[in-house]
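Here is a colleague's note for someone meeting this structure for the first time. Please read the numbered points with the model open beside them.

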Amino acid sequence: MTSRQTNAGFVRSLLLLAVAGVVWSLQLWTLLTDRELSSQLWPGDIQASAISLLGGSCTPSIVGGQRCSLAFIAVLLRTFAVMGLCVAGCALRRLVHTPKASAFQRSHGIFSQSGSLVPAAGFSATWLLLWFIAPLLPSDGLNLLLIAAAPATLGLSLALLAAGCTAMLSGSAPAIPDAPSDAPLRRVWFRESGPLLLLLVAAILWQCTSFWMNRRLYDGLLVPHGDSAMYEEHLWNVWHGKGFRSYLDQGLFLGEHIQVIHLLLLPLHMLWPHYLLLEWCSSACLAAAVLPIYSITLRHTQCRRAAFWMGLTWLFFTPMHFLDIAIDLKTLRPSCYGLLALFLFIDQAERGNRWRAVICCLLALMTQEDFALITGSIAGVLFLLENRRLNVAERRRQRFLTSSLAVISAAWVLLAVLVVIPAFRGGEVVHYSRYFGDLGRSPSELLRTAVTEPGRVAAVVFSGRTLLYLLLLTGPLGFLCWKSPLRLAAGLVTFSMLSLIQLGSDSPDSAVAELPPVPFHHFHAPLLPVLFWAAAAGLKDTQAEPSQADSRKMRGQTRGIGGLLAAPRSLLRQLIQPPRRAARFACLCAAGTALTGSLMPCGTAFWSAESPFGWRKLYVPGPRAREFPKVLARLPMSARVASTDFVHTRLTHFERSWDYSAYARAVNNYQLGVPEDTDFIVIDMSHRYSTIRSPADVRELREQPERWELLPDDTGGLFLVLRRRR
């Protein structure tokens, strides 16, 4: 290499670093200073802290809110400072690991790693181009999509920059070879078992944090009864002879869902009959999913560090966090139990443990009827991915198993939706048929619309909201799941159904009107094992390190205008080339998106004093929780009590626990009010959703004063307790 070529290489590297820093800084500056974008990122106090950290300032605005001032040059200087630290780190590592190398060799090794920052610059440049083009389009769909995706955009941008800097540091020194056979036993043991032990420690910490959050919500009277505490009421009612039901249900719970997996907790519930038992098991199942993820990744990559990073990715995965605590603070879903069964089903089926796979599949089918869509699809994909290394007899048995599970799953979901659930509802269709809006109010109407008006269905499926779903579900995985399209196709049917859901005022034409149902509720739960399965298999395609010829070809592609398109792709491939580096990149993406999107301590909203999801507002019990024991002291356990939501959670062990709301329940012959045998009514007036603010708002005191008396209030106006006059 001549001195001219060397100098040209240094200039190109320095220019690459400068361009990457400018483009990335411009994207960050745009996200933080544009009012529409920054309002989607995090609460105002976190925004002020971020602006202050980057050298700006925020002042109160006359019209409300705050006015932030941030100079682009301040962001740029801090970005260059971070890059300078990375270059200094590279130089230090080169000096330590290659002490006999010449200054030229060290400097060439340092600047040869600058291409690791190109993917971050390419992502930022693409986003900026779309942001500047969006206002010029006749429709505002792209602009709304970019605004709604701002939190994920910032998280992915931070992850790409962190991955580039990490690749620079790790690539500045020779890789540490595997321990030889005569290495000390302690070193070999740590290389073999260390990643799994570290992952187990991380999973235990996550489980403890999750259970602490759920317990504090329960202690603070913030857990709703519907879709949370009702599952504990099922267990209590079953072993007290009241049937598999909650008194919210229109009869037995099988008229709502074929969801019986939580009945497996009956023996434990008889020992500790408490709602927190189900919460603890739910958090434990979510945390335990790291074990099958580790196993699946290790089988596909033969790399323990890659398996460790993929397991850690699960713990940072924001869509999983919303299964634990949803956006509406529903903290318990039996789908969390079935999620672990789905992961184990995939793991055991790939291992060839047929009977274990069948048991795990049956457990998943017990979770909810829509899980059959996923189990059937997974079985179909496993049939197509038949292991050719098996002998003929084993292959025949494996194919019989997967095809049978696919057929059973398809038959089960049809039987449950069309026959079993309507039979428990007196012939009515499943209640979630109305989730599809004007496309149909029953399975037959939805099918008729799809056949007669496919354009309407396609307009909902192929919309900006669907693109947002894809970004929010696959972006935190670094989009690695797209490298295994066949496995990813196992979630196609379920994802299509999710794309058709229309709740409240949410519509596919407005991605910012309110948060879409996915992934902020629970509907996406069956998809997550498929996404991680595909991502783990996608790591297998990053096994080989680039050869010297490929490296020279990549460098040659970066020269000239013709290499503008090929260079970013080659550099991105180099950024995630080994499986461990690709898995680490996925973990950085999950952590980056959790920073702006998660409600757990890894998200900024948890630490905010302004956010409704901050720890001060949710996890410090307030006056309601302190005064409620006075209400409980007035109610005998043999009483039949009607109550409003959130306090209903604490009353499920009474003789009867009716719902007091504006809904007409079957227990009262579909009429407003409470059943005739109700002894007490407990009303929470201080909760933010309460429509009753004084005794004058109580329907029974206005319309039936001769039947009800208001007990003296000793809770400071927080609760009302009515007792039936006998």
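1. A residue is called buried here when its relative accessible area is under 20%, exposed when over 50% and partly exposed in between, with a 1.4 Å probe and protein chains only as cover. Helices (H or I, at least four residues) and strands (E, at least two) are DSSP runs numbered from the N terminus. By these terms R656 and W658 point one way from β4 while S657 and D659 point the other way, and all are buried. In a regular strand the side chains alternate between the two faces of the sheet.

2. The model is predicted, with local features needing pLDDT of at least 70 and side-chain atom pairs counting only at pLDDT 80 or more, whereas totals for chains, interfaces and linings use all residues. Residues are numbered from 1 along each chain as its sequence is written, and side-chain values use heavy atoms, with hydrogens and water left out.

3. For the overall picture, the chain has 33 helices and seven strands, and 53% of its 726 residues count as buried. If contact means heavy atoms within 4.5 Å, residues 24 or more positions apart account for 70% of the contacts in the chain with a separation of 6 or more.

4. Five strands form an open sheet with mixed pairing, in the order β4-β3-β5-β7-β6; two strands pair if DSSP finds at least two bridges between them. The edges are β4 (656-659) and β6 (708-710), each of which pairs on one side only. Strand β3 (residues 640-643) pairs with β4 in the parallel sense over four bridges, and A642 has W658 as its bridge partner in β4.

5. Strand β7 deserves a separate look. It runs antiparallel to β5, to which five bridges join it, with L720 of β7 as the bridge partner of I683. Three bridges join β7 (residues 719-724) to β6, again in an antiparallel arrangement; here L722 of β7 is the bridge partner of L710, and W708 stands opposite R724. Because five of the six residues of β7 are buried, the strand is largely enclosed by the rest of the structure.

6. Among the helices, α13 (residues 290-301) and α14 (residues 304-316) have axes that come within 8 Å and cross at roughly 145°, where axes are lines fitted to C-alpha atoms, for helices over the stretch in contact, and angles run from 0 to 180 degrees between N-to-C directions. The residues making this contact include V290, I293 and Y294 of α13 and F308, M310 and W314 of α14.

7. Helix α24 (residues 492-500) holds several buried residues, namely T494, F495, L498, S499 and L500. What covers them includes α18 (371-384), α21 (454-461), α22 (464-474), α25 (517-520) and α26 (527-538).

8. Is W239 buried or partly exposed? This residue lies in the loop between α10 (225-238) and α11 (266-271), and W239 counts as partly exposed because its relative accessibility is 29%. Leaving aside neighbours within four places in sequence, W239 is in contact with L266, H269, M270 and P273. Of these, L266 is 27 residues from W239 in sequence, and the two are 7.9 Å apart in space, C-alpha to C-alpha.
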